[in-house]
Amino acid sequence: MIKVRLHGEPAEIEKLIEIICNGFPAVRVLSISRNYKDRGASVYQRAYIDVAINEQATPPPAKPATAELIKIINKASS
């Protein structure tokens with residue numbers, strides 16, 4: 001299991017969680033925490049997700065598909 005901390009504005013965190021849950025079949029999301037506010041007057045929040053590598057999924061390509069990841073993120077933010 002891998003623990004991931006997300007830090008950003010609430011809408012950004014929600015979008016990234018959606019992308020991770022739906023856009024990466026090789027990643028299985030085990031749990032998602034609620035958002036926690038930063039201290040003080042910060043607009044940022046934190047959320048934590050527990051993930052595991054899904055061994056049953058199709059293996060990733062030999063080289064990271066960075067361009068594809070950027071397309072997915074841009075599509076989700078529009």
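User: Quick one first: what counts as a salt bridge here?
Analyst: A salt bridge is a side-chain nitrogen of Lys or Arg within 4 Å of a carboxyl oxygen of Asp or Glu. This is a predicted model, where local features need pLDDT of at least 70, side-chain atom pairs count only at pLDDT 80 or more, and totals for chains, interfaces and linings use all residues. Residues are numbered from 1 along each chain as its sequence is written, and side-chain values use heavy atoms, with hydrogens and water left out.

User: How many salt bridges does the structure hold?
Analyst: Two. In one, the side chains of Asp50 and Lys3 meet at 3.5 Å, N to O. Asp50 is in strand β4 (residues 45-53) and Lys3 is in strand β1 (residues 2-8), so the pair ties together parts 47 residues apart in sequence. Strands (E, at least two residues) and helices (H or I, at least four) are DSSP runs, numbered from the N terminus.

User: Is Lys3 buried or exposed?
Analyst: Exposed, with 63% relative accessibility. Asp50 is at 15% and counts as buried. The cut-offs are under 20% relative accessible area for buried and over 50% for exposed, with partly exposed in between (1.4 Å probe, protein chains only).

User: And which residues form a salt bridge at 3.0 Å?
Analyst: Asp38 and Arg46, through their side chains, N to O. Both Asp38 and Arg46 are buried.

User: Changing topic. What pattern does the protein follow along the sequence?
Analyst: The order is β-α-β-β-β-α, with two helices and four strands.

User: How much of the protein is buried?
Analyst: Buried residues make up 19% of the 78 residues.
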